[in-house]
Amino acid sequence: MNAPLAIGVIAGAVLSGTSLLYATLGETITERSGIVNLGLEGILLIGASVGFASAASSASAYLGVAAAALAGGAANLLFGWLVVSRKANQLASGLAMMFFGIGASALVGGPFVGAVITGLPKWRPSFLAGLRWVKSTTLFNYDILIWLAVPVALLVWWALFRTRWGLGVRAVGESAAAAFASGRNPAMIQYQALFAGGVLGGLAGAHLSLSLTLTWAEGMTAGRGFIAIALVIFSKWHPLRAIAGALVFGGAEALQLQLQARGADVSPFLLDMIPYVLTLLVLLAWGGARRLAAPAGLGRTFYGSE
Amino acid sequence: MEKRSGLVMGLLVLAFCVALAAPLAADAPKLIIGAIYVGSVNDYGYNRSFHDALLTVQKNIPGVKLLEAENVPESAEAERVMEGMIQQGAKLIFPTSFGHQEPAFNVAKRHPDVYFEHAGGWMMAANFGNYFGNTQAAWYPMGVAAGKMTKTNKLGFVIGVPIGFAVGNVNAFELGARSVNPAAVTTVVVTGGWSDKAKEAAAANALLDQGCDVLAMHVDSPATIVRTAEARGAMSIGFQSIEARALAPKGWITGLGFTWAPYFTEVAKSVIAGTFKPSSTHLGLGEGMVTVAPFGANVPADVRQVVTASADKIAKGFNPFTGPIVDNTGVTQIKAGESWGGDKMGDFKWYVEGVVGKVQ
């Protein structure tokens, strides 16, 4: 691995990894509150399509970002109504939400396919702009969502581990009955966690359509939502480790493309497998302790607060 | 009371039927054409080329009604969509994606009075024809354009799936580039699918990171790659639809686009006249299905001249796949005196010398 390849991989890792990081952070919050959202793929698509549609109709990419965040939050609240208030099975409801998201996003985005938008403006700090090895690359020339990715991860960590609200979320995730007995309202806390998670999921989708590809197409997330769910487990439900997870997966994806671009003498089909094989290998190597790291109440329905 | 309400109901139903029939009787279309697309017609690419052609057919033949369905998956679902169009009176159906072939063939068996023209396959029947544009030789002048315009001598080519036809496009591209610039090298990146926008953006960025300054592609929509190149100040050569040039006002060099309209008009006229004959029609540059896009604003006059001359040569029958041609591992794949013609375009399992990449 020499300098241009390494730089290319890092540059690609940041670009691909940002939407994965936001999605992983969102899912971390909801899973910490005890709810598994398998419909994350649908939330991402809703965020991407609403964001793109808003940006195309209003000519403001920032408005698109805001709309995507709200739409993601609303979609997750809908999922919350299913699993918290109606107490439906979380896994089945999540998959239903995924199909709902695929369809709803196609409906919202349909009239805007092919629209040309300006996308989120990019900004590079001036003291880096002159550096020779930075100038011709995409390094440090990022839009606001990429610049905020790590700060948001830190914010999520602080919220979950240093605030009373976060304590409540984690308590509900470990044992909703105990949290209820201590005077908390598990349903309200889960709704709040779901909204926060949905907002981050919407941002993840928005980054794809408003910055990376500047387009909308049905199903454009291509399974990223499920990768994010795997990354939540990979990072042991911890927001800061999620940064590493997103960079590893984004980096692996960038690596296989950079290797092709440098003419590696390996079949492109095998190279395409690298990100998934790498994720599996890491999960196998550090898999044991993960079962114990999950919130104890993950996936369970709390019946007690009526 | 019952008799009276029965009479009123009967009159209402009659009125309803007349209301429905009236517009139908007023202007019955000469021909109803149905078209199914695997993606969206606003993709500046493959699907748009068919859509644009059908709109031209409507202009050429007044009285043609067009039914379109986008994002039709390549599965039995496509049969349902086509059956729906036939129920609405469609007599000529264009299944435009390779994977629509079998569903369309099944529907064709059930409706011998409806005609089908499928893009990019091989199946034939009395009411089922196949067609496609020969693009491989047409990529030669594109390579010439890229070879002349590049400053780094590194060209990038993003392909979706490394099928023989796509590999052939890359080979012709590099052969053309080398004919004017012996130092030109084409690097190929495979995204794994015909339409994955995020991967296409990442692939384009990877090629640009490695120093390529001209990007070409064989994916369903050139939009993402063209826009990524434009955003990073690189040049692009488009494919599928010449409309993609609107996306890169600075970096667009030229491109290839499909022009299905003349063929479609001919087929539609034959269906109206009742003289439809199934055929396997494959036409290339200069034969009516493939055209060279207008040049971008920043392409100098001497380059335009060379590229146009090269395209004319191809249109007049020059075959770039004439031996001796060596592949990028040193093996002679086409011997001196041999040449690969139209029927071998799907057989490419190797890249020519000068292409960096591995087919499989």
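Chain B holds ten helices and 15 strands, where helices (H or I, at least four residues) and strands (E, at least two) are DSSP runs numbered from the N terminus. This is a predicted model, in which local features need pLDDT of at least 70 and side-chain atom pairs count only at pLDDT 80 or more, while totals for chains, interfaces and linings use all residues. Residues are numbered from 1 along each chain as its sequence is written, and chains are lettered from A and ligands numbered from 1 in the order in which they are written.

**Overall fold**
- Taken along the principal axes, the C-alpha atoms of chain B fill a box of roughly 95 × 45 × 35 Å.
- Of the 360 residues in chain B, 53% are buried, meaning that 20 or more other C-beta atoms, placed from the backbone, lie within 10 Å of the residue's own.

**Helix 9**
- The 13 residues of helix 9 (residues 261–273) of chain B should span 18 Å at 1.5 Å a residue, which agrees with the 18 Å between its end C-alpha atoms; the expected span is 1.5 Å times one less than the number of residues.
- B:Ala261, B:Tyr263, B:Phe264, B:Val267 and B:Ala268 are the buried residues of helix 9 of chain B.
- These residues lie on the same side of helix 9 of chain B because they cover an arc of only 160° around the axis, taken from the directions from the helix axis to the C-beta atoms.
- B:Gly274, with a positive phi near 80°, follows helix 9 of chain B.

**Side touching chain A**
- The contact (C-beta atoms, placed from the backbone, within 7 Å) takes 30 residues from chain B and 34 residues from chain A.
- Helix 7 of chain B gives the most to the side of chain B that touches chain A, with nine residues.

Definitions and conventions. A residue is buried if 20 or more other C-beta atoms lie within 10 Å of its own, exposed if 12 or fewer, and partly exposed in between; C-beta atoms are placed from the backbone. Two residues are in contact if their C-beta atoms, placed from the backbone, lie within 7 Å.
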